[in-house]
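Visitor: Please show me the structure, and then let us go through it by question and answer.

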Amino acid sequence: MRKKMLCALLSILLLNVASLAQTNEEKLKIKIVQWGLHKTVTVKLNSGEKLEGRIAEIKDDLFAVQFVDKDKVTARELRYSDVNKISGKDGGKAGKIVGYTALGVLAGVGVTFLIVLGIWANN
């Protein structure tokens, strides 16, 4: 009885682990879909080639990276299986400045709210 119970539990465990495991392609696809179009990326292919550009198109079996090549804008379709690694780039200094400015404004509004609340509570 214990052997049957142990075998059943082990089978269930293995099936769950197998269903939770995602392939590299699935993880890559999820990451690209979350980033969406126009995200600046660096793509390293299995062949060793490296591309820098932005995501121009996302399909079920491939995605396209758009980049400038010899003063021409070129798009290249890449299969998820051909990609070794992909990394996204942030917006650079301009994006950081906007982020810190927004954070400063929110902090100022919060402090002002606390001051007004303190004055109101004392009256």
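Visitor: At about what angle does helix H2 run to E5?

Guide: In this predicted model, helix H2 (residues 24-35) lies across strand E1 (40-45), strand E2 (50-58), E3 and E5, where helices (H or I, at least four residues) and strands (E, at least two) are DSSP runs numbered from the N terminus, and contact means heavy atoms within 4.5 Å. Axes are lines fitted to C-alpha atoms, for helices over the stretch in contact, and angles run from 0 to 180 degrees between N-to-C directions. On that basis, H2 runs to E5 at about 25°.

Visitor: What should I know about numbering and cut-offs?

Guide: Residues are numbered from 1 along each chain as its sequence is written, and side-chain values use heavy atoms, with hydrogens and water left out. Because the model is predicted, local features need pLDDT of at least 70 and side-chain atom pairs count only at pLDDT 80 or more, while totals for chains, interfaces and linings use all residues.

Visitor: Which strands stand at the edges of the sheet?

Guide: Five strands form an open sheet with antiparallel pairing, in the order E4-E3-E2-E1-E5, where two strands pair if DSSP finds at least two bridges between them. Each edge strand has a single partner strand, so one side of each is left without a neighbour in the sheet. Those edge strands are E4 and E5 (83-88).

Visitor: Which residue stands opposite valine 68 in E4?

Guide: Strand E3 (residues 62-69) and strand E4 (residues 72-79) pair in the antiparallel sense over eight bridges, and they form a hairpin with two residues between them. Alanine 64 stands opposite glutamate 77 in E4, whereas the residue opposite valine 68 is valine 73.

Visitor: How many residues does the largest nonpolar core have?

Guide: A nonpolar core is a set of buried Ala, Val, Leu, Ile, Met, Phe, Trp, Tyr and Cys residues joined through side-chain atoms within 4.5 Å; buried means under 20% relative accessible area, exposed over 50%, partly exposed in between (1.4 Å probe, protein chains only). Among the residues with the most contacts inside the largest core are Ile32, Val43 and Phe63, and H2, E1, E2, E3 and E5 each supply at least two residues of this core. The number of residues in the largest nonpolar core is 14.

Visitor: Is aspartate 71 buried or exposed?

Guide: Aspartate 71 is placed in the loop between E3 and E4, and its phi is near 65°, a positive value in a residue other than glycine. With a relative accessible area of 80%, aspartate 71 is exposed.
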